Amino acid sequence: MSTQTRELTPADGELLVRTGCEGAMARMGHDLTLAVGRWRATLGLAEAAADCTLSATADLDSISVRDSAGGAKEVSASDRKTIERNAAGSLGEGQLTFTASEVTGDLERGTVRGEATLNGVTRPLELAVERTGDGYRLTGTIVQSQFRIKPYSAMMGALKVADAVQIEATVRL
């Protein structure tokens with residue numbers, strides 16, 4: 001059974017992190033879409049999903065604010081810089097790695113299970129994967145506190161970033 005190996009970079013797609021707010025003042029905060037500017041992945045595509053492989057590394061100090069929703073006011077350029085600086089500061093070593101250990105389903109839709117390492121902590125991570133017109137979309141959830149990350153908070157904790165953040169990677173092949 002042959003495997004086609006592809007090296008992927010931001011030129012081939014995007015890696016996004018979506019945050020939400022919680023706490024008594026959650027309506028004051030912004031739900032953010034953050035883009036990771038530097039990442040790389042090695043994808044091994046085979047005829048059967050179970051024979052596919054995936055490993056990836058993302059440099060989280062390359063996060064930028066892509067979009068925001070909600071909040072008491074619009075996110076200014078200065079706010080964006082502060083958000084990006086706070087994100088980089090809270091992520092510890094600033095690199096996320098993922099190595100798949102199992103792929104189930106078929107080449108149209110399935111699940112990728114593996115281990116993610118962030119901030120010196122390795123934990124299981126499950127990603128849903130679906131074929132798009134010209135590539136794939138992977139989605140999953142990372143719980144920050146499981147990786148020794150304290151979610152950002154303000155107003156004495158009345159406004160904080162939700163512990164669970166959504167990740168989404170889309171790649172074109």
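Modeller: Let's start with arginine 113, which forms a salt bridge with glutamate 126, with 3.0 Å between the closest N and O atoms. That pair links distant parts of the chain: arginine 113 is in strand 7 (residues 109-118) and glutamate 126 in strand 8, 13 residues apart. Bear in mind that this is a predicted model.

Colleague: How many salt bridges does a search of the whole structure find?

Modeller: Nine. Some are linked in a network made up of Arg18, Arg109, Glu130, Arg137 and Glu168.

Colleague: Nice. Which residue forms a salt bridge with glutamate 130?

Modeller: Arginine 137, with the closest N and O atoms 2.9 Å apart. The side chain of arginine 137 also meets that of glutamate 168 in a salt bridge, 3.2 Å from N to O. Arginine 137 lies in strand 9 (residues 135-143) and glutamate 168 in strand 12 (residues 164-172), so this pair ties together parts 31 residues apart in sequence.

Colleague: Is glutamate 168 buried or exposed?

Modeller: Glutamate 168 has a relative accessible area of 13%, so it is buried. Arginine 137, at 29%, is partly exposed, and so is glutamate 130, at 22%.

Colleague: OK, threonines now. Where is threonine 33?

Modeller: In strand 4 (residues 31-46). Threonine 33 is buried, at 12% relative accessible area. Its side chain makes a polar contact of 3.1 Å with that of arginine 18, and arginine 18 belongs to the salt-bridge network.

Colleague: What else is threonine 33 in contact with, leaving aside neighbours within four places in sequence?

Modeller: Besides Arg18, there are Leu16, Val17, Ser64, Val65, Arg66 and Asp67.

Colleague: And threonine 5, buried or exposed?

Modeller: Exposed, because its relative accessibility is 51% and the cut-off is over 50%. Threonine 5 sits in strand 1 (residues 3-8). Leaving aside neighbours within four places in sequence, threonine 5 is in contact with Thr42, Leu43 and Gly44.

Definitions and conventions. Residues are numbered from 1 along each chain as its sequence is written. This is a predicted model: local features need pLDDT of at least 70, side-chain atom pairs count only at pLDDT 80 or more; totals for chains, interfaces and linings use all residues. Side-chain values use heavy atoms; hydrogens and water are left out. Helices (H or I, at least four residues) and strands (E, at least two) are DSSP runs, numbered from the N terminus. Buried means under 20% relative accessible area, exposed over 50%, partly exposed in between (1.4 Å probe, protein chains only). A polar contact is a pair of N or O atoms within 3.5 Å; within protein, one must be able to donate a hydrogen and the other to accept it, and residues adjacent in sequence count only if both atoms are side-chain atoms. Contact means heavy atoms within 4.5 Å. A salt bridge is a side-chain nitrogen of Lys or Arg within 4 Å of a carboxyl oxygen of Asp or Glu.
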